[in-house]
Amino acid sequence: MPRYEFRCRACGDTFEVNRPMTESGEPATCPQGHGDTVKLLSTVAFTGRGGGFTPSPGPAASSGGGCCGGGCGCG
């Protein structure tokens, strides 16, 4: 079941709620009993060593350093 993160506007507490996706937009009450909460935007990251996609190497980085490769002397 998906987990959704909320923040209470009254006390500032951040908490999580497990609920079905069909109820993802429903309001949640914080553990302190306050009803003025907002759903936070959560990100999902998948990491691991599975045998999945392997990206090809990109262009080689310049060795000049700095924000633009060192050509302008900014770094």
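I first looked up the contacts of Arg 9 (contact means heavy atoms within 4.5 Å): leaving aside neighbours within four places in sequence, Arg 9 touches Asp 36, Thr 37 and Val 38. The model is predicted, with local features needing pLDDT of at least 70 and side-chain atom pairs counting only at pLDDT 80 or more, while totals for chains, interfaces and linings use all residues. Residues are numbered from 1 along each chain as its sequence is written, and side-chain values use heavy atoms, with hydrogens and water left out.

I then placed Arg 9 in the loop between S1 and S2 (strands are DSSP runs of E, at least two residues, numbered from the N terminus). I noted Arg 9 as exposed because its relative accessibility is 55% (buried is under 20% relative accessible area, exposed over 50%, partly exposed in between, with a 1.4 Å probe and protein chains only). I recorded a C-alpha to C-alpha distance of 8.7 Å between Arg 9 and Gly 35, which lie 26 residues apart in sequence.

I listed its seven residues as Tyr 4, Phe 6, Cys 8, Phe 15, Val 17, Ala 28 and Cys 30. Strands S1 (3–8) and S2 (14–18) each give two or more residues to this core, and S1 supplies the largest share, three.

For Val 17, I found contacts with Pro 2, Arg 3, Tyr 4, Phe 6 and Ala 28, again leaving aside neighbours within four places in sequence. I also noted that Phe 6 and Phe 15 are both buried.

Notes:
Core = buried A, V, L, I, M, F, W, Y, C linked by side-chain atoms within 4.5 Å. Helix = DSSP H or I, 4+ residues; strand = E, 2+ residues; numbered from the N terminus.
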